[in-house]
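Hello,

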Amino acid sequence: APAYRDALRAKMRECIRTRADWDIEMQVLHEDGHPLWARARGAAVVVNDRVVSVRGVLQDIDDAKRAEQRLRQSEERFSRFFYLMPYPMGMSRYSDGTYLDINPAFTRVTGYEAHEILGQRLNRLSSGRHDRAFYQTLWASLKEHGSWSGDIYNRRKNGQEYIEQLTITTSYNEDGS
């Protein structure tokens, strides 16, 4: 595509000058004229310590780029949903039970600002009312069913106790973790 021609030429000139491999993602034009994403990679061909040509391959990455764009759009929609949700929401990491993110409603209800809670363990809000068996049941439900829902007593930053209806759901990585 015209917008990428100069960048490709610059990569190839640099390859000739430095003998370094080149790699660039760019749009190319299909024979019918519509743009496609491609990855171009190449290297200098050196004979008798002299660059005699530049070789390269072009790989169609259009489907992957479009999937990446859809994922980015989904992440943007989720982010808007998360931050605009009127209910307190926090995201945590299962492996160490620390807060990764909170929404503004979380701050309104608990009194904790993001910089005070991110990286802290989930039990930061614990009121101390629930015994060990309560939390063992909660975690067993998460492990077995991927979710838990119920009422829980927690404590705001100012020390005031409150009861909340809490739903916890798990999200798994592609590898099942």
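Let me start with the contacts (heavy atoms within 4.5 Å): among those in the chain between residues at least 6 apart in sequence, 27% join residues at least 24 apart. Please keep in mind that this is a predicted model, in which local features need pLDDT of at least 70 and side-chain atom pairs count only at pLDDT 80 or more, while totals for chains, interfaces and linings use all residues. Residues are numbered from 1 along each chain as its sequence is written, and side-chain values use heavy atoms, leaving out hydrogens and water.

**Overall form**

The chain has 5 helices and 7 strands, taken as DSSP runs numbered from the N terminus (helices H or I, at least four residues; strands E, at least two). Their order along the sequence is α-β-β-β-α-β-β-α-α-α-β-β. The radius of gyration is 26 Å, whereas a compact globule of 177 residues would have one near 16 Å; this value is taken over C-alpha atoms, and the globule rule is 2.2 Å times the number of residues to the power 0.38. The C-alpha trace spans about 80 × 40 × 35 Å along its principal axes. Of the 177 residues, 25% are buried (under 20% relative accessible area; exposed is over 50% and partly exposed lies in between, with a 1.4 Å probe and protein chains only).

**The cores**

A nonpolar core here is a set of buried Ala, Val, Leu, Ile, Met, Phe, Trp, Tyr and Cys residues joined through side-chain atoms within 4.5 Å. The largest one has 11 residues, among them L8, C15, W22, I24 and A44. Two or more of its residues come from each of α1 (2-18), β1 (22-29) and β2 (35-47). A second, separate core has 7 residues, including Y99, F106, I117 and Y162.

**Helix α5**

Which residues of α5 are buried? They are L138, S141 and L142. These cover an arc of only 100° around the axis, which puts them on the same side of α5; the arc is that of the directions from the helix axis to the C-beta atoms. The buried residues of α5 pack against β6 (147-155) and β7 (161-169). On the face turned away from that buried side are the exposed R132, T137, K143 and E144. After α5 comes G146, with a positive phi near 80°.

Best wishes
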